[in-house]
Amino acid sequence: MNPELINIFNSIVANATPLVIASIGETITERAGVVNLSLDGSLILSAMVGFVAAFVSGSAIIGIIAAMIVGGLIALIIAIGGIELRQDQVAIGFVLTLLTADLATFLGQNYTRIPGPQILRSPIPILADIPVAGPIFFNQTALVYLSYALIFGLWYWLFRTRPGLALRAIGERPETAFARGANVNRLRYLYTIIGGALVGLAGAAYSLSVKPGWATPPSMAGDGWIALAIVIFGGWHPFRVVLGAYLFAGLRALSTAIQRTPEIEISVVLLNGIPWVLMIITLLLVSSGAIERLLTVLPRPLQKWTRNFLRSDPPAALGTRFKQK
Amino acid sequence: MGLVMNIELKHIHKRFGAVHANNDINLTFATGRIVGILGENGAGKSTLMKILSGFQSMDSGEIWLDGKPVSYNGPQAAIAHGIGMLQQDPLDVGAFTVLENFIYGQPGNLSPKRKVAQQQLEKLSQRFGFELDPDMPVSQLSIGQRQQLEIVRLLALGVRTLILDEPTTGISTEQKTLLFDALRELAAKDSMTVLLVSHKLEDVIALCHEVAVLRAGRIVGSMDMPATTTELVTLMFGQELAAQPRQPINANSDDAVLALHKVQLRNKRMKIDNISLRVRAGEIIGLAGLDGSGQEMLLRACVGLEKCSRGQIDIAGRDMTGKSYREFLQTGVAFGAAGRLEEGLVAGLTLTEHIALVTSHQSFIDWNSARQHTEDQIKHYNVRGRPESRIETLSGGNQQRVLMALMPQEPVLMALEQPTRGLDVDSARWIWQQLIERRKGGTAIIFSSPDLDELVTYSDRIIVFCGGWVQEVADMENLTLDELGRMIGGEGVIQ
Ligand SMILES: Nc1ncnc2c1ncn2[C@@H]1O[C@H](COP(=O)(O)OP(=O)(O)OP(=O)(O)O)[C@@H](O)[C@H]1O
Ligand SMILES: [Mg+2]
């Protein structure tokens, strides 16, 4: 394959990684029945904190840990408000989005546009030598490899383990989960915080790797909303979510490339709109009867897998409260 | 197997605010017995069963198993002690497959062995003739199949006592036969104890070895079977209930309140063609058929909740084809859905709020008069509840009474889905008295019911739905239950 093309794909994978991590985090949270709507602000604040912590300590690892703590703490506020104080999760999330974004601008004002530590590429021996796929997927940073592990790990957890059944059940029908011995609200806390910590990690992935440094206005502003949309597009299924994130990053790369080509004249607004239009079309397709018809012609073993993969219903108890007796 | 288990309940008390739902209950259940738990609506049956199965805590009292007192905090712990309960609406997860649902809740290490679990599921299903596809999403199963799944799941967890709360509402006749055979076998061969809460006395008579009767939170009697319906009714209500005389309709005009002309109805699963029907003022029309044979679709079409794909619907002489539910309501029709809490009533709202919703037409509600009105309605309809009670805390029978209170006073036509679902014999009669009162005023009633007895007792005419066909019973005078049962099953259908 053309080395230039390989380079493009390599950077798409790299650029998509924060989106992948953030939307995997949100998938975990929402599977447990909680909505963390604060993603956009969470990403910005944790990116800022991650960068500053890394800059001050001189260690990217410490930056990552700090960012994850910030993401986890924001999620904790959502969990306390939504579960303990029985407030509306969407309202809390929305307020937190605005609050954390402003907080980041305010607290980070002395650290803008300075160089700091970065996470560097570390190609995986042997794997990186596989033709085509090697240089695309395995000549990346450790964070990218971690995102691969998260994708497969979450799939395995959700669909192949007992605690995964409990995780899905608390988001689908908490009464049933309770009857089968789950401590619904404690699990919801746990998964909300884990999800939030991953969003924090995604923030650090921006400021320590993809768009190194800190600036105002923050360069990742808006990506939190995109991650939220990707979770819906992905039908709360890790593989589809990842597909959505890569697709989005790919379209973005394409639109940047087209803008740089003077021969093609398309309005920027139009280009930026394409991913959203595609997303809506896909959602319509998936939720229409077309899929069920497609399923009937597939061989049986494939049917089950496909249905699972294409499922587009949100967790039935998403955003609801559960009163434990 | 011979795993014995004796259950003793001692001095069990449970209050909900002012309601003493269980008042000093003492009961013993012996191993290998099928025991019927009877009682009027709101008597406290479900509460007691939920306490025994860990779904609800008790205020005071003790549960003894095999001579030892036990205490547990939750259903999972009760199952570990060998007691499992099948809720009326089976507690499962719709998004799971049958197999996942079977596995979820079983103890074991991180990653369950799906093959082993599948074999266990198939073996248990085979034993009782249940047909459960392990890969099918639970949301696509019928209530009867979800029950079967829950039973094999509980058996796999090793329960020795099985509690069933009104298991026969909403399942087909074949599923009921399968269920009863399974319960008999479990009691006889595995010495399991089975506790059955039911309002259907014929089911109790067919299945149980003994019965215990609750009234207003207390045990008021028990009896070894066999017993007749009359004996059971006397035990439950303290008196025999007089048979209700049937009154002929006094249709003084021949005008149709409701007329269907060659209506075609269709949904994803079926199509029914050519339904023609004229209903006169004061007539009661019963719709018979297995669950989901189209009765509900027709009822909904009569009030504009379902669109006819062909044909014409007239209400009181006006062509209403294609009109909205709202427009139908304005012509004076009323609709009562079978899923009370899903469609008819709003969980979370109080009785006063419900009444205010239907009576108040201004944007601002006069809460004082609404409350007053609610108190009147509570008295008139004999509802066990207070104006500020939230609807979901009422027992099933009382919810149904509220639903009646919400109906307009003199509708032209009432379309009712299973108007007495889940009601005790006395409440069911009471509901019918109310309905018959209204028919005297000229209201026509069209209703569906899975209860053949109810259909034959109250209908002037019966329409049978079967496999996409509808047919009116020709000879109402000499119709027997058996005959009607056979017609529902598809015999004697003219095609
Ligand atoms: N969670 C609750 N909160 C408040 N009151 C309740 C609650 N559950 C039950 N009750 C009340 O306790 C009484 C007994 O209810 P229960 O459900 O045990 O009756 P039941 O015998 O099962 O009646 P039915 O035949 O209608 O199902 C009723 O008066 C009911 O209103
Ligand atoms: Mg009950």
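Predicted model: local features only at pLDDT ≥ 70, side-chain atom pairs only at ≥ 80, totals over all residues.
You will find W236(A) in the loop between α10 and α11 (238-260) of chain A. Its backbone deserves a look too: the phi of W236(A) is positive, about 60°, although this residue is not a glycine. As background, most residues other than glycine have a negative phi, and most peptide bonds are trans.

I126(A) is another non-glycine residue with a positive phi, near 60°. Is I126(A) buried or exposed? At 71% relative accessibility, I126(A) counts as exposed. I126(A) sits in the loop between α4 (89-107) and α5 (133-137) of chain A.

P217(A) belongs to the loop between α9 (184-210) and α10 (223-233) of chain A.

Chain B has a cis peptide bond between M225(B) and P226(B), where omega is about 5°. P226(B) is part of the loop between β10 and α8 of chain B, and helix α8 of chain B is described next.

## Helix α8 of chain B

Helix α8 of chain B covers residues 229-237, and L232(B), V233(B), M236(B) and F237(B) are buried in it. Why do these residues share a side of α8(B)? They cover an arc of only 110° around the axis, and that places them on the same side of the helix. The general rule behind such patterns is that an α-helix has 3.6 residues a turn, so residues three or four places apart point the same way.

The packing partners of the buried residues of α8(B) are β3 (34-39), α7 (201-207), β9 (210-215), β10 (218-224) and α15 (425-440) of chain B. After the helix comes G238(B), which has a positive phi near 75°.

## Helix α17 of chain B

In α17 of chain B, residues 481-488, the buried residues include L484(B), M487(B) and I488(B). Viewed down the axis of α17(B), the buried residues fall within an arc of 100°, so they line one face of the helix. Their cover includes β13, α16 (452-458), β19 (461-466) and β20 (469-472) of chain B.

Both ends of α17(B) have something to show. At the start, a side-chain oxygen of T480(B) comes to within 3.2 Å of the backbone nitrogen of E483(B). Following the helix is G490(B), with a positive phi near 105°.

## Around ligand 1

How many residues surround ligand 1? There are 18, and the closest are N41(B), G42(B), S46(B), T47(B) and T393(B). By type, the shell around ligand 1 divides into five nonpolar, ten polar and three charged residues.

Some polar pairs can be picked out. A polar side-chain atom of N41(B) is 2.7 Å from an oxygen atom of ligand 1. G42(B) uses its backbone instead: a polar backbone atom lies 2.8 Å from an oxygen atom of ligand 1. For K45(B), an N or O atom of the side chain is 2.8 Å from a ligand 1 oxygen. On its own, ligand 1 exposes 630 Å², of which the protein buries 81%. The elements giving two or more residues to the shell are β2 (19-29), α1 (45-52) and α14 (396-406) of chain B.

S293(B) is located in the loop between β13 (284-289) and α9 (295-302) of chain B. With a relative accessible area of 11%, S293(B) is buried. Leaving out residues up to four places away in sequence, S293(B) touches M270(B), I272(B) and F465(B).

Over in chain A, T29(A) is part of helix α1 (residues 3-31). T29(A) is buried, at 0% relative accessibility. Not counting residues up to four places away in sequence, the contacts of T29(A) are V34(A), N36(A), Y191(A), T192(A), G195(A) and G196(A). I65(A) belongs to helix α3 (residues 60-84) of chain A, and at 46% relative accessibility I65(A) counts as partly exposed. From I65(A) to T176(A) the separation is 111 residues in sequence and 36 Å in space, C-alpha to C-alpha.

Conventions: Residues numbered from 1 in each chain as written. Chains lettered and ligands numbered in written order. Heavy atoms only, no water. Buried < 20%, exposed > 50% of the residue type's maximum accessible area, 1.4 Å probe, protein only. Helix = DSSP H or I, 4+ residues; strand = E, 2+ residues; numbered from the N terminus. Arc of directions from axis to C-beta. Contact = heavy atoms within 4.5 Å. Near = heavy atom within 4 Å. Polar contact = N/O pair within 3.5 Å; in protein donor to acceptor, adjacent residues only side chain to side chain. Areas by Shrake-Rupley, 256 points an atom, 1.4 Å probe, with all protein chains shown as cover. Nonpolar A, V, L, I, M, F, W, Y, C, P; charged D, E, K, R; others polar.
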